[in-house]
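Dear colleague,

I am passing a structure on to you, and below it you will find my notes on what was found. Please keep the structure open while you read.

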Amino acid sequence: MLGRARIKYQTNHMADLTVHIGGLELKNPVTTASGCFGYGPEFTDFMDISRLGGIFVKGTTGGLREGNPYPRMAETHSGMLNSVGLQNKGVDYFIDHIYPAIKDYKTNFIVNVSGSTIDEYVEVAEKLAGLEKIPGIELNISCPNVKEGGMVFGTHCPSAVAVTEAVRKIFPKTLIVKLSPNVTSVPEFAKAIEGAGADALSLINTLLAMAIDAEKRKPVLATVTGGLSGPAIKPVALRMVWEAYHSVSIPVIGIGGIMNATDAIEFLLAGAAAIQIGTANFIDPAVSMKVINGIDDYLVRHGFSSVRELTGKLELPGGFNRFRPKTF
Ligand SMILES: Cc1cc2nc3c(=O)[nH]c(=O)nc-3n(C[C@H](O)[C@H](O)[C@H](O)COP(=O)(O)O)c2cc1C
């Protein structure tokens with residue numbers, strides 16, 4: 001069985017793969033996306049997870065959440081829809097039961113934080129700030145703000161700013177804010193969230209979508225709509241990462257349909273300082289090791305000594321060169 005295979009991917013790095021995100025040093029730009037890699041140890045049969053630049057762990061809320069009713073997954077052309085609904089056992093469970101099991105791995109564990117109110121985000125962030133081996137958090141602002149009547153934090157700029165500012169006040173470590181793609185202007189949100197004190201941006205979260213079963217004349221998901229991920233969203237994600245990179249001075253982490261090293265390199269060229277791999281882990285649990293090795297090969301083949309030289313290296317047609325180059 002694949003699960004027992006204990007395949008380890010090794011490489012002798014030729015290029016410098018180190019990148020910096022806020023106060024974090026990542027040994028390489030390859031990380032795994034929240035909700036798609038558990039807490040990390042689930043994957044130790046397939047790889048040495050300490051080789052990852054970082055692991056963005058499952059979305060964590062103030063209290064236990066059961067998640068949405070089933071069915072909550074659907075396959076689509078070149079992607080998948082999910083409406084898992086932040087199923088998790090809450091931050092106290094994470095601190096008591098998960099943290100002891102992950103804290104000695106030599107990678108960056110970044111906790112993905114969600115909430116229905118600003119107070120809930122602050123409560124979770126404050127508790128996580130006290131954990132020595134958690135160097136940063138990623139705010140998932142794609143949750144409905146119950147106090148604002150169900151408006152999603154990440155699609156209402158003043159709410160996105162308010163939650164970022166509130167968490168920034170009490171969280172001194174690296175604060176990454178994950179942007180929703182379900183907005184008209186990514187630069188507007190990117191600039192506002194940078195102004196609110198984020199150390200980095202990650203994007204994109206899933207695209208709001210739906211699937212229909214024509215024979216049954218019913219939606220496939222119990223929640224009717226869900227989030228689209230996988231290769232289908234990569235072109236949208238690349239455009240948004242490119243826009244965000246040229247709107248802010250803080251690092252941008254690229255996410256969306258990355259299946260192999262070439263996809264990851266495209267995100268780096270568009271302006272990402274690091275990348276997250278989500279849906280691809282469900283198809284090949286060791287994909288991230290192959291992506292690390294593939295980036296290394298590319299750097300050597302193209303004569304780059306450091307992966308940092310690739311960020312934003314997209315050669316634009318004349319007229320687009322108003323954008324400034326950056327280094328991280
Ligand atoms: C099953 C599933 C669960 C997810 N759970 C979360 C989550 O808890 N928090 C979050 O910010 N994003 C979550 N995401 C979004 C991913 O982290 C990622 O942003 C998105 O899937 C796009 O990347 P991909 O195309 O590589 O999957 C989830 C995605 C999937 C498919």
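**Salt bridges and exposure**

Lys 216 counts as exposed, because its relative accessibility is 57%, where exposed means over 50% relative accessible area, buried under 20% and partly exposed in between (1.4 Å probe, protein chains only). Please bear in mind that this is a predicted model, in which local features need pLDDT of at least 70 and side-chain atom pairs count only at pLDDT 80 or more, while totals for chains, interfaces and linings use all residues. Residues are numbered from 1 along each chain as its sequence is written, and side-chain values use heavy atoms, with hydrogens and water left out.

Lys 216 forms a salt bridge with Asp 213, and the closest N and O atoms of the pair are 3.9 Å apart; a salt bridge here is a side-chain nitrogen of Lys or Arg within 4 Å of a carboxyl oxygen of Asp or Glu. Asp 213 itself counts as partly exposed, at 25% relative accessibility.

Glu 120 is buried, with a relative accessible area of 13%, whereas Arg 65 is partly exposed at 22%.

A further salt bridge brings together the side chains of Asp 199 and Arg 168, at 2.9 Å from N to O. Because Asp 199 lies in the loop between helix 4 (186-195) and strand 12 (200-203) and Arg 168 in helix 3 (residues 157-170), the pair ties together parts that are 31 residues apart in sequence. Asp 199 counts as partly exposed, with 23% relative accessibility.

**The ligand and its surroundings**

The ligand is surrounded by 23 residues, the closest being Ser 34, Lys 178, Gly 230, Gly 257 and Thr 279; a residue is taken as near a molecule or strand if one of its heavy atoms lies within 4 Å of it. This shell divides into 8 nonpolar, 14 polar and 1 charged residues, where Ala, Val, Leu, Ile, Met, Phe, Trp, Tyr, Cys and Pro count as nonpolar, Asp, Glu, Lys and Arg as charged, and the others, Gly among them, as polar.

The protein covers 94% of the 610 Å² of accessible area that the ligand has on its own, with areas computed by the Shrake-Rupley method and a 1.4 Å probe, and for residues only the protein chains shown counting as cover.

**A surface patch and the backbone**

On the surface, Met 210, Ile 212 and Val 224 form a nonpolar patch with about 280 Å² of accessible area together. Patches are made of residues with over 30% relative accessible area and no salt bridge, like charges being joined within 9 Å and nonpolar side chains (Val, Leu, Ile, Met, Phe, Trp, Tyr) within 5 Å. Met 210 lies in strand 13 (residues 207-210) and is partly exposed, with a relative accessible area of 45%.

Phi of Val 224 is near 70°, a positive value in a residue other than glycine, and Val 224 is found in the loop between strand 15 and strand 16 (225-229). Arg 217, which is not a glycine either, has a positive phi of about 55°, and at 73% relative accessibility Arg 217 counts as exposed.

Cis peptide bonds join Tyr 70 to Pro 71, with omega about -5°, and Leu 203 to Ile 204, with omega about 15°. Pro 71 is found in the loop between strand 4 and strand 5, and Ile 204 in the loop between strand 12 and strand 13.

Technical notes: Helices (H or I, at least four residues) and strands (E, at least two) are DSSP runs, numbered from the N terminus.
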